[in-house]
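User: I would like to go through this model and ask what stands behind each label. Please set the values against the cut-offs.

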Amino acid sequence: LLLYRLTEMERSIADIFQWTLTAFWTLDIIASFFTATYVNDNLCFRLAEIAKAYLKSWFLFDITMLIPDFVGMAFDLEDGPAGIFRLLKARRILRLFRFVMLCPDTESQEVAGQVPNSSIQDA
């Protein structure tokens, strides 16, 4: 069962997007090890504390999102009849959700289902 056919040009463009997105998220993981973070309400700049905090929070999630990309690119796998890789690629929705949750914009948080404390009114 083949759900779609890509021309050579379309396939090349899709590959460029795939490589670009995978590179972006890989660099995001690396950058997270060098981004200051709050530990016990104190902003920490020491790499050991930053790495420890990141490994305890988002690292497992981030690396789990990238493993299927790496496997797919390493073996040049495409969606087969079972569509396993289509299901694995659906995890990108989780990446978008993470991005929205980390975004400081109030409207984005409201879209994600969070309501800021200032907008909650007593009845």
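Analyst: One item to start with is a nonpolar surface patch of about 430 Å², made by Leu27, Ile30, Phe34 and Leu47. The model is predicted, so local features need pLDDT of at least 70 and side-chain atom pairs count only at pLDDT 80 or more, while totals for chains, interfaces and linings use all residues. Residues are numbered from 1 along each chain as its sequence is written, and side-chain values use heavy atoms, with hydrogens and water left out.

User: Why is Leu27 called exposed?

Analyst: Exposed means over 50% relative accessible area, buried under 20%, and partly exposed in between (1.4 Å probe, protein chains only). Leu27 has 56%, so Leu27 counts as exposed. Trp25, at 17%, counts as buried. Across the protein, buried residues make up 20% of the 123 residues.

User: How do you know what counts as a helix or a strand?

Analyst: Both are DSSP runs, numbered from the N terminus: helices are H or I with at least four residues, strands are E with at least two. The protein has six helices and two strands, in the order α-β-β-α-α-α-α-α from the N terminus on.

User: What span is expected for H1, and what span does H1 reach?

Analyst: The expected span is 1.5 Å times one less than the number of residues. H1 has 25 residues and reaches 36 Å from first to last C-alpha, close to the 36 Å expected. Its buried residues are Gln18, Thr22, Trp25, Ile29 and Ser32.

User: Where does H3 bend, and by how much?

Analyst: Helix H3 (residues 59-74) bends by about 25° at Leu66, with Pro68 following within four residues. The bend is the angle between axes fitted to the seven residues ending at a position and the seven starting there. The end-to-end reach of H3 is 22 Å for 16 residues, close to the 22 Å expected. Leu66 and Pro68 are among the buried residues of H3.

User: Why is the pair of Phe24 and Trp25 called edge-to-face?

Analyst: Five aromatic pairs are found in the whole structure. Rings of Phe, Tyr and Trp (its six-membered ring) pair if their centres lie within 6.5 Å; planes under 30 degrees apart are stacked, over 60 edge-to-face, and the rest tilted. Phe24 and Trp25 have ring centres 5.1 Å apart and planes at 85°, so the pair is edge-to-face. Phe33 and Tyr54, with centres 5.0 Å apart and planes at 85°, are therefore edge-to-face as well.

User: What does the pair of Phe33 and Tyr54 tie together?

Analyst: Phe33 lies in the loop between H1 and strand E1 (37-39) and Tyr54 in helix H2 (residues 47-56), so the pair ties together parts 21 residues apart in sequence. Phe33, at 23%, is partly exposed, whereas Tyr54, at 5%, is buried. Phe33 and Tyr54 form one aromatic cluster with Phe59.

User: What makes the contact of Arg11 and Asp15 a salt bridge?

Analyst: A salt bridge is a side-chain nitrogen of Lys or Arg within 4 Å of a carboxyl oxygen of Asp or Glu. Arg11 and Asp15 meet at 3.6 Å, N to O. Both lie in H1, four residues apart, about one turn of the helix. Arg11, at 24%, is partly exposed, and Asp15, at 30%, is also partly exposed.

User: How many salt bridges are there in the structure?

Analyst: The structure holds two. Besides Arg11 and Asp15, the side chains of Glu49 and Arg46 meet at 2.7 Å, N to O. Glu49 is partly exposed at 26%, while Arg46 is exposed at 56%.

User: What is there to note about the phi of Asn40?

Analyst: Most residues other than glycine have a negative phi. Asn40 has a phi near 55°, a positive value, and Asp41 has a positive phi of about 65°. Asn40 is exposed at 69%, and Asp41 is exposed at 74%.

Conventions
Patch = residues over 30% accessible without salt bridge, like charges linked within 9 Å, V, L, I, M, F, W, Y side chains within 5 Å. Areas by Shrake-Rupley, 256 points an atom, 1.4 Å probe, with all protein chains shown as cover.
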